[in-house]
Amino acid sequence: MQHAGDVSLRSLGPSARAVVRELLVAGPLPRAELARRLHLSPASLTKTTRPLLESGVILQADAPQTEARGRPGTPLGVNAERHQFIGLKVTSDELFGVRTDALGQVRQTGHRTMSGNDVESAVDSIVDLVNELASHRPIQAVGVGLAGLMHRFDDTVRHNAFLGWNDVPLAAMLRRRIGAPTVISGDVRALAAGVQWSGPGRGLDHFAVVTVGVGIGLGAVLEGRILTGAAGNAGLIGHLRISDSGPLCQLGHRGCASSFLTTSAITRGIGVPLGIADLDLTAACALAAQGNDVARRVFDDAGRALGVLIAEVVNMYGVPTVVLAGDGLGMLEHADPAMNESLAGHLNHWATPPKVEVFSSDFDEWARGAAVVACQWLLVDPPRNSPSNAG
């Protein structure tokens with residue numbers, strides 16, 4: 001899926017990949033600043049960047065008007081459009097895909113409804129969507145984001161409860177069918193990568209993404225790197241204990257975050273006592289807006305639980321910014337006051353109150369994050385150039 005003559009990021013040496021990675025994260029930089037950041041001498045930087053310029057991987061950007069002319073001040077930037085990636089978000093019954101450039105800017109989107117959640121059917125749907133997205137432009141890699149306990153750059157789906165998959169070698173299955181390097185990532189971690197690369201986390205070395213909706217997740221970025229943990233399971237906050245007297249979650253935990261904060265917990269907590277079957281979040285919010293006591297109480301409980309989660313994330317990691325995302329953000333209209341009160345009450349005395357940003361993120365945004373993971377993979381830990389990985 002790559003044209004002859006195109007330079008794949010995975011073919012670059014470590015120093016060249018470091019240059020591209022720094023320019024993608026920081027934006028165009030003068031040579032002197034780029035050398036300082038990478039701890040390279042001017043001569044070493046010139047040696048590294050010359051072939052990148054000649055091949056068109058990077059280019060000379062326009063210098064700011066206030067900057068002195070001359071070679072040391074001429075900014076270098078990545079030719080982002082030249083490097084294309086596909087990102088996929090897999091839910092229990094749907095598939096969302098995007099084609100992006102190296103900066104994570106979306107160039108094309110696609111969607112499929114899966115006929116079943118067995119592996120073979122899902123792979124068929126993924127291949128069909130990838131072929132559609134790659135039909136007009138060559139791609140360098142594919143990233144797939146879905147729930148589970150995957151490592152930062154994984155090849156296997158591990159412990160996905162929504163699909164019932166575990167130890168599924170999805171990357172290898174897709175590589176054989178689509179002919180492009182493929183990497184698997186936890187969906188929340190992929191979303192955090194997109195937030196870091198070209199979202200509200202761009203330029204920040206420390207922040208966290210907390211997602212609410214069908215599930216609850218955490219993606220943390222510390223010192224510019226996404227936290228993964230030794231076994232890939234960092235960020236498991238969904239069953240953090242909030243109260244000893246709360247409701248039961250689906251796993252039987254009393255008073256955990258999931259028992260208060262997931263969409264199903266909210267709609268069940270309102271719908272059951274009111275005798276309303278199949279209540280969705282929109283209808284639940286409408287009831288709260290009308291002043292329904294049950295709905296307002298459930299949203300207050302959800303807000304308090306979210307405040308505890310944010311406070312604990314800040315207490316543990318010291319991040320100055322927390323980004324809220326996910327398909328359950330509609331709850332904030334009614335849960336925000338309780339969330340702020342709870343956050344203030346549970347924050348450590350010495351902790352700095354965080355900036356809380358709300359980031360509207362549909363499933364295309366989650367897919368975009370998976371494309372960013374694919375780009376980061378090629379720049380950090382690229383696959384070996386073997387026949388099975390050939391692009």
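This report describes the confidence, sheets and helix contacts of a predicted model.

## Basis and confidence

The model is predicted: local features require pLDDT of at least 70, side-chain atom pairs count only at pLDDT 80 or more, and totals for chains, interfaces and linings use all residues. Residues are numbered from 1 along each chain as its sequence is written, and side-chain values use heavy atoms, with hydrogens and water left out.

The protein chain has a mean pLDDT (the predictor's confidence in each residue, from 0 to 100) of 90, and 94% of its residues reach 70 or more. Within the chain, strand β4 (residues 84–90) has the highest confidence, at 97, and β11 the lowest, at a mean of 88. Residues 65–71 have pLDDT below 50, and this stretch makes seven contacts beyond near neighbours in sequence; contact means heavy atoms within 4.5 Å. Residues 386–391 are also below 50, with 15 such contacts in the model. Where pLDDT is low, the predicted coordinates should not be read in detail.

## Sheet β6-β5-β4-β7-β8

Helices (H or I, at least four residues) and strands (E, at least two) are DSSP runs, numbered from the N terminus. Five strands form an open sheet in the order β6-β5-β4-β7-β8, with mixed pairing; two strands pair if DSSP finds at least two bridges between them. The edges are β6 (106–113) and β8 (182–186), each of which pairs on one side only. From one strand to the next, the twist averages 20°. Angles run from 0 to 180 degrees between N-to-C directions, and axes are lines fitted to C-alpha atoms, for helices over the stretch in contact.

Strand β7 (residues 141–146) and β8 run parallel and are joined by five bridges. V142 stands opposite T182 in β8. Helix α5 (residues 170–178) packs on the sheet, touching β7 and β8, and its direction makes about 145° with that of β8. Helix α12 (residues 363–380) lies across β4, β5 (94–101), β6, β7 and β8, running at about 130° to β4.

## Sheet β11-β10-β9-β12-β13

Another open sheet has five strands in the order β11-β10-β9-β12-β13, again with mixed pairing. Its edge strands, β11 (225–226) and β13 (355–358), have a single partner strand each, so one side of each is left without a neighbour in the sheet.

Strands β9 (residues 207–211) and β10 (residues 217–222) run antiparallel and are joined by five bridges. A208 has A220 in β10 as its bridge partner. Helix α6 (residues 187–198) lies across β9, β10, β11 and β12 (321–325), at about 135° to β9.

## Helix pairs

The axes of α10 (residues 293–317) and α11 (residues 332–346) come within 6 Å and cross at roughly 40°. The two helices are therefore oblique to each other; angles under 35 degrees count as roughly parallel, over 145 as roughly antiparallel, 65 to 115 as roughly perpendicular and the rest as oblique. Residues in contact include F299, L306 and I310 in α10, and L332, M339 and L343 in α11. The contact residues divide into 10 nonpolar, six polar and three charged. Ala, Val, Leu, Ile, Met, Phe, Trp, Tyr, Cys and Pro count as nonpolar, Asp, Glu, Lys and Arg as charged, and the others, Gly among them, as polar.

For α1 (residues 14–26) and α3 (residues 42–55), the axes come within 10 Å and cross at roughly 80°. These helices are therefore roughly perpendicular to each other. S15, A16, V19 and V20 in α1 meet L45, T48, T49 and L52 in α3. This contact has five nonpolar, three polar and no charged residues.
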